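The exercises below go through a protein model step by step. Look over the sequence and the structure, then try each task before reading its solution.

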Amino acid sequence: MNWNFQNSYTDLPNIYYSNVKPQNFQNPKLLLFNNELADELNLEVNNNEKAICNFLLGKNIDKKNFFSQAYAGHQFGQFTILGDGRAILLGEHINKNNIRFDIQLKGSGQTPYSRNGDGKATLGPMIREYIVSEAMNYLGIPSTRALAIIITGEKILREKYEPGAILVRVAKSHIRVGTFQFGSLLRNIKEFNNLINYTIKRLFPEIDNNEKKYLNFFKKICELQMNLIIEWMRVGFIHGVMNTDNMSISGETIDYGPCAYMDNYNPKTVFSSIDQMGRYSFENQSKIALWNLARFAETFLHLIDNNENKAIKLVENILIENKEKFENCWLEMMCKKLNLSTHENNQKLIYDFLDIMHIYKLDYTNTFINLEKNNLDENIFGDWLQKYNLKTKKKYFKINPVIIPRNHIIENIIKESYKENYSKLFTFNEILKFPYVENKNNKKYRKLPKDHEKVFQTYCGT
Ligand code: AMP
Ligand code: MG
């Protein structure tokens, strides 16, 4: 087996990371291994479980190069210095197409950034992240990926003792808005410029020689984030903790904590037990992304223009443009979900449809599928359908998923996994690979939760 590590992040000033070794686990067991992703990475893997575990945990390579990243972040609006408290980067793997991937162990023990935490992760949240991030990928939405789950053999104390686990996470990079917030705190312009130039070269080499490269960098990040939120809205995804340390510069969805795909439509839905003000609710996600982007821009105003007021004006204009663009793109996306032409004015029809779903507590995913199948309840949608039928129709593909990882299914899978029954977990991961195809295998996963199965809160994985 063959990692092809060529680290570049550690060429940055060493304030941005710390070298860390993962803890040694006596008897690790491989629970999930993602063969498709291993293929994409060009890993030649054999069938020996112990050998795969050793390989994934970096047992056979020089541990002095492993590192954890420093960052800061606004968590629910409060600024804090953070860092990878329970994650270690084994290295940056380059595949045969010369694409660079961060290979990270999440839950592998304490690091200098652990504060009072144990640096560990429990099995339930790692299963949740594996299922949800891979589902996101198969839905066609940018996301970090899950290469494997390893059960460490330890028992971790949370509210009760739980099995410890490590998620092997793969990302274009783990640089986040919070990395820049950390960099700007140091007030060392040279070191900060190092970070930003490195990030542009690594992730957006096409703008590296641009005359207005820093402004264009900001525009690019705004565009990626806005597109990402549109995609979340398309499939009814609520991230749950859109802190600035959980917003990746690569435009990938990252850190699946108290996240969920919505069942019945309510724009105010939150899943995080600590989000009492609805800061990260479904409908707020674009506003929060813009707020985070403003915090991001603040870190490099000096590079946008020497005159700070001028730089602020330029940034504000981009944020306003993005807000407007988001609204247009959202309308276009909703037209597609309703199989309507994107060139007509369909605004009222869209809002009325959403209102009906909200009032009657209808399922976000299934209602769009029912519309496609001409199967909407006439008693509820009668008047709306009359107006809808006058419109030009167009069929779009891979817009409305049939299958999403519903929360009650995930909870049930986690419950079974804690009893060491993993068959549901394996089956569901296979089902999620074809989210846009209705077939007899996925029929039972399209069903809504019964009242007693409904999940109203998910918890951070700490
Ligand atoms: P998250 O909610 O996963 O985005 O984590 C927020 C911050 O808390 C990050 O800096 C994590 O590294 C840190 N953290 C989360 N869980 C633990 C843990 N068990 N031990 C140490 N740090 C943690
Ligand atoms: Mg995080």
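How much space lies in the largest cavity? The model is a predicted one, in which local features need pLDDT of at least 70, side-chain atom pairs count only at pLDDT 80 or more, and totals for chains, interfaces and linings use all residues. Residues are numbered from 1 along each chain as its sequence is written, chains are lettered from A and ligands numbered from 1 in the order in which they are written, and side-chain values use heavy atoms, with hydrogens and water left out.

**Exercise 1. The cavities**

Task: Give the volume of the largest cavity and describe its lining.

Solution. 
Step 1. A cavity is a set of points, on a 1 Å grid over the protein atoms alone, where a 1.4 Å probe fits but cannot get out; lining residues have an atom within 4 Å of a point. Grid points are joined across faces, edges and corners, and the volume is the space filled by probe spheres set on the points.
Step 2. Searching the whole structure gives two cavities of 30 Å³ or more.
Step 3. The largest cavity holds about 70 Å³ of space. It is lined by 13 residues, and those closest to its centre are Q225, L228, W232, N246 and M247.
Step 4. Helix α6 gives the most to this lining, namely four residues. Helices here are DSSP runs (H or I, at least four residues), as are strands (E, at least two), and both are numbered from the N terminus.
Step 5. Sorted by class, the lining of the largest cavity has six nonpolar residues, six polar and one charged. Ala, Val, Leu, Ile, Met, Phe, Trp, Tyr, Cys and Pro count as nonpolar, Asp, Glu, Lys and Arg as charged, and the others, Gly among them, as polar.

**Exercise 2. The second cavity**

Task: Which residues line the second largest cavity?

Solution. 
Step 1. The second largest cavity has a volume of about 50 Å³.
Step 2. Its lining is made of E223, M226, N227, I230, N322, K325, F326 and C329.
Step 3. At least two of the lining residues come from each of α6 and α9 (308-337).
Step 4. Four residues of this lining are nonpolar, two are polar and two are charged.

**Exercise 3. The magnesium ion**

Solution. 
Step 1. Donors are N, O and S atoms within 2.8 Å of the metal (3.2 Å for Na, K and Ca); water is not among the atoms, so sites may look incomplete.
Step 2. The protein donors are OD1 of N246 and OD of D255, at 1.8 to 2.2 Å from the ion.
Step 3. Buried means under 20% relative accessible area, exposed over 50%, and partly exposed in between (1.4 Å probe, protein chains only). N246 is buried at 11%, and D255 is buried at 16%. N246 is also among the residues closest to the centre of the largest cavity.

**Exercise 4. Aromatic pairs**

Task: How are the rings of W3 and F5 arranged, and how are those of F218 and F300?

Solution. 
Step 1. Rings of Phe, Tyr and Trp (its six-membered ring) pair if their centres lie within 6.5 Å; planes under 30 degrees apart count as stacked, over 60 as edge-to-face and the rest as tilted.
Step 2. W3 and F5 are stacked, because their ring centres are 5.1 Å apart and their planes stand at 15 degrees.
Step 3. F218 and F300 are edge-to-face, with 6.4 Å from centre to centre and 70 degrees between the planes. F218 belongs to α6 (residues 213-235) and F300 to the loop between α7 (285-298) and α8 (301-304), so this pair ties together parts 82 residues apart in sequence.
Step 4. F218 and F300 are both buried.

**Exercise 5. A lysine over a ring**

Task: Over the face of which residue does K337 lie?

Solution. 
Step 1. A charge sits over a ring if NZ of Lys or CZ of Arg is within 6 Å of the ring centre and within 35 degrees of the ring normal.
Step 2. K337 lies over the face of F368, 4.3 Å from the ring centre. F368 is one of the members of an aromatic cluster that includes Y265 and W384.
Step 3. K337 is in helix α9 and is buried, at 2% relative accessibility.

Notes
1 Å grid on protein atoms, 1.4 Å probe; cavity = no way out; pocket = protein on both sides within 12 Å on 5 of 7 lines; lining within 4 Å.
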